[in-house]
Every structure is written in structure tokens, then in C-alpha cells.
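The following paragraphs lead through selected features of the structure shown here.

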Amino acid sequence: MSLDKISNPEAIKHWTDVIPPEYVYTVGVAGERFFREIKENGRIMGTKCSKCGYIYLPPRIYCEKCFDYIDEWVDVGLKGRVYAYTVTYLDVDGSPLDKPIIFAVIKFDGVYGGLIHRLGEVEPEKVCIGMVVEAVFKDKAERKGSINDIKYFKPSD
Amino acid sequence: MMHFPIKRRVAVVGAGMTLYRRRLQETTKEMVFHAVKMALDSAGLTIKDVDAVVGGSAPDLFDGIHMKGENVITEAGGALKPYLRNFTGGTTGVSQQINAWSIVASGLADVCISVSWEKMSPCHPHPQYAFWTIFDRIIERPLGVNLVWIFALEMNRYMHKHNIKKEDIALVAVKNKANALDHPCAQLPAKITVEDVLNSPVMCWPVQRLDISPPSDGASAVIFASEDVAKKITDTPVWVIGVGRCEDTTYWMNRDLYFPYYAYYAGQQAYSMAHIHNPRKEIDVFEIYDPFDYKELHHMEGLRLCGKGEAPKLTREGVTQRDGDMPVNPSGGLMGVGNPIAAGGGMKVCEIFWQLRKEAGKRQVKKDATVGLAHAWGELMQGSSVLIMKV
């Protein structure tokens with residue numbers, strides 16, 4: 001069999017190409033309100049199923065439990081708890097980052113789901129599972145209606 | 001759960017695989033041809049004997065060939081025959097065997113070849129860029145999320161919940177890479193120590209370089225046949241006695257992360273069909289999906305081979321070694337043999353076939369194995385598929 005290891009792609013006859021389409025994505029019906037609230041009011045909003053009481057974050061317009069539509073919106077506050085975290089030392093190309101970045105799954109009390117986001121104003125060794133963290137927003141003028149309108153979550157009481 | 005009577009017994013009668021490497025010169029089509037040809041030769045069949053073909057490969061973005069399932073129909077031996085592609089991410093390599101099994105069990109075909117492949121190397125600068133695009137476009141991708149994070153978060157939760165040390169998880173990497181030293185197709189066989197793992201570069205804590213499997217090019221194939229045909233092909237058909245599949249919610253922030261329910265339910269389905277009550281006692285050899293070392297432990301617990309949080313202890317005691325009471329990944333797994341996504345799972349099915357036929361050479365487990373289980377995990381990190389076989 002002729003298969004063997006080739007560590008240098010330049011050493012064999014090859015060609016390069018791209019798959020050309022670009023995409024324009026909507027944020028959806030739930031996403032429209034979610035990001036508008038973040039941008040204009042600095043609030044994190046979920047949706048609540050009036051039948052089963054589940055509060056979804058990120059918000060959805062349907063309930064996966066009872067399979068019905070949802071139209072009630074609730075403010076879940078800015079504070080959550082670290083459920084799991086990682087400290088990333090490399091960028092997507094595998095190059096070292098200047099400063100490690102901490103990412104966490106943040107769950108909000110009484111809410112089904114949560115947000116993944118950066119942690120800030122804290123050193124990696126001080127982070128622990130269960131710690132309370134609070135969203136820190138960009139200045140209103142800089143907010144674009146994106147998840148990055150939240151700069152990071154910082155330790156809180 | 002519904003139980004339908006299965007129309008026909010089905011056996012695996014042949015298997016083959018290419019070398020697994022970071023980059024192969026062979027094109028996708030050439031790799032697929034190699035694997036199919038080897039499987040046919042191992043069973044003494046020609047392509048004319050094949051009634052239907054299943055192709056399995058994960059995202060088109062790796063090979064960079066849109067509709068890549070259809071791209072290989074000729075090389076897979078599927079021209080002018082029923083052909084079906086399975087496209088379920090990491091579970092593909094085992095899920096597609098369930099497709100092939102059902103095609104034969106239903107009577108649609110007597111002989112069905114099932115080929116798995118992935119050619120990840122065309123994706124530049126790194127296949128990581130393709131993984132990147134699977135995340136939610138509005139909630140996750142703007143943060144710069146990459147694939148390793150998710151595993152780091154899950155591994156962190158698993159370690160926290162059960163108070164598991166990295167030293168114990170590293171033992172899986174040590175075992176699997178050592179097992180791969182005896183696999184002629186392996187990409188990353190190595191004799192390493194726990195210290196080597198703990199001293200390897202930190203990517204996303206707690207994931208370090210040696211906790212993770214590589215991107216790979218490779219293909220594997222197995223052949224399914226109905227009972228009467230299988231008995232004519234070989235004296236040692238390997239019977240499929242149980243299959244199971246399950247997916248959890250796509251919203252990974254809604255999963256508890258420390259216990260893989262998808263593996264649990266897929267396992268329960270397959271155990272139920274195979275009339276297995278105690279998998280640890282009634283199954284002899286396991287190939288469990290191990291793209292990361294902790295994932296072998298995670299899935300052992302999900303598949304009920306031990307209690308929650310107990311898999312590290314079994315590993316430490318040597319139970320999962322090739323000469324242990326419950327060998328896990330005697331092939332070397334994805335950590336050692338390589339991880340061409342769909343073909344990673346396909347390799348595991350090949351290994352169970354070879355183990356049960358006593359054809360695994362230096363990799364042969366010590367105990368007299370008559371029942372084996374292959375498991376794969378993936379989709380959007382939320383699914384599992386299980387195949388149980390018996391000689």
C-alpha cells in the first residue's frame with residue numbers, strides 16, 4: 001500500500017482553492033429582543049414558559065419541555081454562578097496568547113441554560129466553580145447588539 | 001421503549017483500514033477505495049457481491065468537498081446500487097454500521113459494505129477552523145470559541161464533580177498510546193509517562209497537549225451480511241447482537257456536563273436488544289470513543305461499566321489494560337491510532353471484529369473475548385451510538 005506520512009504539504013503536487021459563498025445570518029426572533037435589551041437597556045433577558053415555568057437563557061420562543069410557544073420575557077439579572085471554566089493559553093492557530101483568557105459557563109439561579117463568556121478582573125488561580133459573577137457591559141455608545149456588548153463577567157458578592 | 005422483532009440476523013464478515021496519518025497523499029476517493037478493497041479481500045468477496053453501500057463521513061468542511069458522500073460513490077462500490085450517507089459527526093463511524101445493519105436485517109440487501117473516512121488535512125491552516133463553524137453563530141462564535149474549550153469546560157466539570165485528579169486521567173493517554181505501538185496503522189503510538197502528559201503544553205486548562213487526539217486522514221470499512229450468506233463467506237461470522245443511538249439536547253449549556261446521558265441511553269438500548277443485564281460482566285472487550293483521555297472515563301461511566309466517578313479507579317488498577325479484566329481500547333484508540341472523525345469510530349468496529357475473531361495479533365486481549373462493544377460519540381458533542389457484536 002502506498003500510503004505513508006507526508007509532513008510537508010509542499011512536497012507533493014497539490015492545489016489550493018476556496019469554497020466561495022459568504023453568509024448573512026439573522027439573529028432570529030428571540031435573538032432580536034435579547035440583543036436589543038443588551039444594547040439599549042443593559043439587561044439580560046430570558047423567556048419563561050407560562051405552562052411549565054422553565055426560564056430559558058439564551059431565550060427561545062418555544063419550550064422544549066411542553067413543546068408549546070413562549071411569549072413571556074423575564075429579566076434574569078446580571079449575576080450568575082460559574083458552573084465550569086477553562087483557562088485558554090493558545091489562540092486558534094496554536095500560538096501563545098499574550099495573556100491567558102478565562103472562559104466560563106455561567107448559570108443563573110432558577111434559569112434553565114446559561115451563558116458562556118469571558119471572566120475578567122480575576123486571576124485564573126482565584127476562579128472556582130460556584131463563585132458568583134456579574135456582567136460588565138461596554139459603554140452604551142459602543143454597544144452593537146452583540147454578545148460582546150458584555151465585556152466579561154467579574155467576581156461579585 | 002418499543003421492541004420490534006428483527007427480521008434477519010446480521011454478521012460482520014470483513015474489515016479493512018488504511019494507515020491513519022496527519023496527512024496522506026491519497027485523495028479522499030483513493031483512501032476510500034483502499035479501505036473497501038481491503039475489506040472485500042479479507043472476506044474473499046468482490047464488489048459484484050455487494051448489494052448496497054453505506055458511506056460515513058462527518059463535516060464536508062474537512063475534505064473541502066461539498067456533498068462528499070456522493071463524491072466517493074464509485075470508489076465505495078456504490079454505483080448503480082442503493083447508497084446512503086451517514087453524517088452524524090463523531091458518532092458517524094458507529095452510527096453508519098447501524099444503517100448498514102438495518103439494510104441487511106430488513107432484507108433490502110444480503111451484503112452491505114460500510115465505509116468510513118475523513119480527510120482532514122485539506123482544511124487550512126488547520127482543521128480547527130472547520131470545527132469552529134459548528135458553534136452557535138450569535139451566542140458563542142463572537143467570543144472566539146474553539147473546539148478545545150468545550151472539552152476543557154466539560155473535563156473541568158467532570159473533575160470537579162467527582163474530585164478526579166489529572167494524574168488519573170493522564171493514565172488513559174499513557175495506556176492508549178502504548179497500546180497503539182502494536183497497531184500497524186497507528187499515527188501517534190508512543191511510550192509516555194503520566195509526567196509527560198502533565199508536563200505537556202497547556203492548551204485550555206485542564207486540557208494539555210497529550211490529553212488530546214490528533215487530526216487525521218484515513219478510511220476504514222466493514223462488510224455486513226445476512227445469516228445465510230455470512231455462513232457461506234466465513235466460518236467465524238461476528239454477529240451484531242445489539243445497537244443503540246441517542247442524542248441529548250444541542251444546547252450544551254443545558255447539559256450537566258459531568259455525566260453523558262446520551263451514552264447511557266444508547267447503551268441501554270443496545271444492552272436491551274442484546275439481553276445484556278450487566279455489561280461489565282457480560283461484555284469482554286470495549287472500544288470506547290476517546291478523542292480526549294477523560295472522554296474514555298466519561299463514557300465508561302455513561303455505558304454503566306462502573307459507577308459515576310469510578311472509571312479513574314478502574315484505570316489505575318489496570319482493569320482496562322489489554323491483559324485486564326475489562327480491556328478498553330486495546331487498539332490504542334483515537335489517542336494512539338488517530339482520529340479521522342468517522343473513520344475513528346470505524347476503526348473501533350474493525351478492532352472489535354478482529355478481537356472477536358482472534359485476529360488482532362499483538363493487540364489481542366488476554367481474556368477469551370466472545371462479546372465486544374464499539375462506541376462512538378459526537379454530533380454536536382451530544383450523541384452516542386453503540387454496536388455490540390458476538391462470535
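The largest cavity holds about 30 Å³ of space. This is a predicted model, in which local features need pLDDT of at least 70 and side-chain atom pairs count only at pLDDT 80 or more, while totals for chains, interfaces and linings use all residues. Residues are numbered from 1 along each chain as its sequence is written, chains are lettered from A and ligands numbered from 1 in the order in which they are written, and side-chain values use heavy atoms, with hydrogens and water left out.

A cavity is a set of points on a 1 Å grid over the protein atoms alone where a 1.4 Å probe fits but cannot get out; a pocket is an open set with protein on both sides within 12 Å along at least five of seven lines, and lining residues have an atom within 4 Å of a point. Grid points are joined across faces, edges and corners, and a volume is the space filled by probe spheres set on the points. Across the whole structure, one cavity of 30 Å³ or more is found. Its lining consists of Ile150(B), Phe151(B), Glu154(B), Arg255(B), Leu257(B), Trp377(B) and Met381(B). Helix α7 (residues 147-162) of chain B contributes the most to this lining, with three residues.

The second largest pocket has a volume of about 650 Å³. It is lined by 29 residues, of which Asp136(B), Arg137(B), Ile138(B), Ile139(B) and Tyr251(B) are the closest to its centre.

In chain A, four strands form an open sheet of mixed pairing, in the order β3-β1-β2-β6. Its edge strands, β3 (72-75) and β6 (112-113) of chain A, each pair on one side only. Strands pair if DSSP finds at least two bridges between them; helices (H or I, at least four residues) and strands (E, at least two) are DSSP runs, numbered from the N terminus. Strand β1 (residues 45-48) of chain A runs antiparallel to β3(A) and is joined to it by four bridges. Thr47(A) stands opposite Trp73(A) in β3(A).

Over all chains, the structure holds zero disulfides, a disulfide being a pair of cysteine sulfur atoms within 2.5 Å. The sulfur of Cys49(A) has its closest cysteine sulfur in Cys52(A), at 3.4 Å, which is too far for a bond. For Cys185(B), the closest cysteine sulfur is that of Cys350(B), at 9.0 Å, again too far for a bond. Cys49(A) is buried at 3% relative accessibility, where buried means under 20% relative accessible area, exposed over 50%, and partly exposed in between (1.4 Å probe, protein chains only).
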